[in-house]
Amino acid sequence: MTEKDPLNVIVTGVGGQGNVLISQLIGKALVKEGHLVSIGETYGASQRGGAVMSHIRISRQEQYGPLIPQGRADVILGLEPVETMRVLAHYGHPGVIVIANSRPVYTMAVTTGAAEYPAPEEVARLLGEHSSAAWVNDATDIPLEMGASILTN
């Protein structure tokens with residue numbers, strides 16, 4: 001990927017996954033390296049389990065507004081697969097890079113049988129088809145082996 005200014009990164013997931021913490025850690029690290037960083041968060045209807053998305057705009061030249069325009073994300077970091085697909089549909093473009101956790105967080109509708117969750121293979125296929133590169137891994141396995149899934153992020 002060529003050096004782009006601003007670099008637009010979206011971290012997406014559901015409430016309780018550490019989305020806001022990840023965006024703050026990324027932002028602080030980049031500020032320490034001399035970058036100008038703007039972060040904006042959007043939250044779904046409920047805190048725990050609702051959609052959460054953090055926009056991170058990184059620049060060497062100027063301070064940008066915190067919200068990334070639709071179709072302008074350069075990197076999407078997804079903590080939940082379906083949320084990653086949803087954000088990719090709105091903010092992606094053919095050159096976007098996607099890094100996603102494959103471990104689903106099921107909504108109440110899926111849990112009660114009112115809705116179906118797509119197969120992991122289908123999610124990975126769609127993410128790959130709608131990006132320039134997509135890495136989908138189960139980022140929850142290692143923390144589970146350590147005894148705490150909360151360490152995933």
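Modeller: Let us begin with a term for helix pairs: a crossing is left-handed if the near helix is turned anticlockwise from the far one by less than a right angle, and right-handed if clockwise. Please keep in mind that this is a predicted model. Here, helices H2 and H4 cross in the left-handed sense.

Biologist: At roughly what angle do the axes of H2 and H4 cross?

Modeller: The axis of H2 (residues 81–91) comes within 10 Å of the axis of H4, and the two cross at roughly 25°. Angles under 35 degrees count as roughly parallel, and therefore H2 is described as roughly parallel to H4.

Biologist: Which residues of H2 and H4 meet?

Modeller: From H2 come Pro-81, Thr-84, Met-85 and Leu-88; they meet Val-123, Leu-126 and Leu-127 of H4.

Biologist: Let us turn to the strands. Why is strand E1 said to be largely enclosed by the rest of the structure?

Modeller: A residue is buried when its relative accessible area is under 20%. Strand E1 covers residues 7–14, and 7 of its 8 residues are buried, so the rest of the structure largely encloses it.

Biologist: Which strands pair with E1, and in which sense?

Modeller: Strand E3 (residues 51–59) runs antiparallel to E1, and 8 bridges join them. Strand E4 (residues 75–78) pairs with E1 in the parallel sense, over 4 bridges. Ile-10 illustrates both pairings: its bridge partner in E3 is His-55, and its bridge partner in E4 is Ile-76.

Biologist: What should I know about side chains in a strand?

Modeller: In a regular strand, side chains alternate between the two faces of the sheet.

Biologist: Where does Leu-79 lie, and is it buried or exposed?

Modeller: Leu-79 is in the loop between E4 and H2. Its relative accessibility is 11%, so Leu-79 counts as buried. Beyond its neighbours within four places in sequence, Leu-79 is in contact with several residues, including Val-11, Ile-22, Thr-84 and Arg-103.

Biologist: How many aromatic pairs does a search of the whole structure find?

Modeller: The search finds 1 aromatic pair. The ring centres of Tyr-106 and Tyr-117 lie 5.1 Å apart and the ring planes stand at 85°, so this pair is edge-to-face. Tyr-106 is in the loop between strand E5 and helix H3, while Tyr-117, 11 residues away, is in the loop between H3 and H4. Tyr-117 has a relative accessible area of 19% and is buried.

Definitions and conventions:
Residues numbered from 1 in each chain as written. Predicted model: local features only at pLDDT ≥ 70, side-chain atom pairs only at ≥ 80, totals over all residues. Heavy atoms only, no water. Buried < 20%, exposed > 50% of the residue type's maximum accessible area, 1.4 Å probe, protein only. Pairing = 2+ DSSP bridges. Phe/Tyr/Trp six-rings, centres within 6.5 Å; stacked < 30°, edge-to-face > 60°. Axes fitted to C-alpha atoms, helices over the stretch in contact; angles between N-to-C directions. Parallel < 35°, antiparallel > 145°, perpendicular 65-115°, else oblique. Contact = heavy atoms within 4.5 Å.
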